Amino acid sequence: MSQLPFDEGTSQRLEKLYRTRDALRRRRLVREAVGARVGERILDVGCGGGFYLAELLDAIGADGSLAGIDSSPAMLAIAARRCDGHDNVTFREGDATALPVDDADFDAALCVQVLEYVPDVTAALVEMHRVLKPGGRLVVWDIDWATVSWHSSDPARMDRVLRAWDEHLADPSLPRTLATHMRNAGFEDVRFDAHVFATGEFDPDTYGVAMIPLIEDFVAGRSGITPDEAAAWAGEQGDLGDRNEFFFSCTQFCFQATKTH
Ligand SMILES: C[S@@+](CC[C@H](N)C(=O)[O-])C[C@H]1O[C@@H](n2cnc3c(N)ncnc32)[C@H](O)[C@@H]1O
């Protein structure tokens, strides 16, 4: 089955999702891990709508520079608009496994919720290793979707919805093997932190609630789930919210590593 398409429709939905409080928290954690310094050159692999690039501009200053690469023209168009007027930010369409940039060109690279969509993760990490300078820093963020704990009065339907949602990417539990992929690609000093995104409130500013329309749209018509059933699944979450019985939790992982040589 085909993965989530990063087209015009998805990019509009992500634009909304990435303005939520939980998305702001995630970007703060990623920025802290990247630790950008004045004058640095930083690459965002799978830059999406360019939120990270726009937010890194202050840290690198006028002497630094940024590059964003993404395989989706729709996402790149949004990113370019967001960074309009800053001539130290460039964008290229390209695949994570064949980065259209020179060797040893960057002080740091980030790759947030992208590798879980890439079938050959080691190939993408080998590319990130190639384009970093010796001493360069890498930050990768991905979700283990098997950590999702989500209340429903119909757990069998919830389970089928989440299994269908697993089809939206290449590896729903990539964090479990990511450290090995990183070491195989030549990175050293590999480490990670786990961050729980959980809520008991039906608050559209939280990751779980903001994901409901995306999941409903994606699973409708997949794995035997009809559009009516997908709508009933989403509707039940609103009902649980009305009764103050909503519960969502998932664990997201921030990996860091260094290119030593
Ligand atoms: C969930 S979005 C994350 C966007 C951005 N990193 C962020 O966190 O705001 C995933 C992004 O990865 C891009 N992407 C997926 N597969 C890719 C690949 N093989 N090479 C480059 N970009 C890819 C998509 O086009 C999309 O913009």
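Which residues of E2 are buried on one side, and which on the other? In this predicted model, Ser-65, Ala-67 and Ile-69 are buried on one side of the strand, while Leu-66, Gly-68 and Asp-70 are buried on the other, and both faces are thus covered. Strand E2 spans residues 65-70, and because six of its six residues are buried, E2 is largely enclosed by the rest of the structure.

E2 is paired with two strands, E1 and E3. Strand E1 (residues 41-45) runs parallel to E2 and is joined to it by five bridges; Asp-44 has Gly-68 of E2 as its bridge partner. Together with helix H3 (residues 51-60), E1 and E2 form a β-α-β unit that is right-handed. Strand E3 (residues 89-93) likewise pairs with E2 in the parallel sense, again over five bridges. Here Leu-66 has Val-89 of E3 as its bridge partner. Between E2 and E3 the chain passes through helix H4 (residues 73-82), in a right-handed β-α-β crossover.

Helix H4 also packs against helix H1 (residues 8-17). The two axes lie 8 Å apart, at an angle of about 45°, which means that H1 is oblique to H4. H1 contributes Glu-8, Ser-11, Leu-14 and Glu-15 to the contact, and H4 contributes Ala-74, Met-75, Ile-78 and Arg-82. By type, the residues of this contact comprise four nonpolar, one polar and three charged.

Technical notes
Residues are numbered from 1 along each chain as its sequence is written. This is a predicted model: local features need pLDDT of at least 70, side-chain atom pairs count only at pLDDT 80 or more; totals for chains, interfaces and linings use all residues. Side-chain values use heavy atoms; hydrogens and water are left out. Buried means under 20% relative accessible area, exposed over 50%, partly exposed in between (1.4 Å probe, protein chains only). Helices (H or I, at least four residues) and strands (E, at least two) are DSSP runs, numbered from the N terminus. Two strands pair if DSSP finds at least two bridges between them. A crossover is right-handed if, with the strands pointing away from the viewer, the path from the first strand over the helix to the second runs clockwise. Axes are lines fitted to C-alpha atoms, for helices over the stretch in contact, and angles run from 0 to 180 degrees between N-to-C directions. Angles under 35 degrees count as roughly parallel, over 145 as roughly antiparallel, 65 to 115 as roughly perpendicular and the rest as oblique. Contact means heavy atoms within 4.5 Å. Ala, Val, Leu, Ile, Met, Phe, Trp, Tyr, Cys and Pro count as nonpolar, Asp, Glu, Lys and Arg as charged, and the others, Gly among them, as polar.
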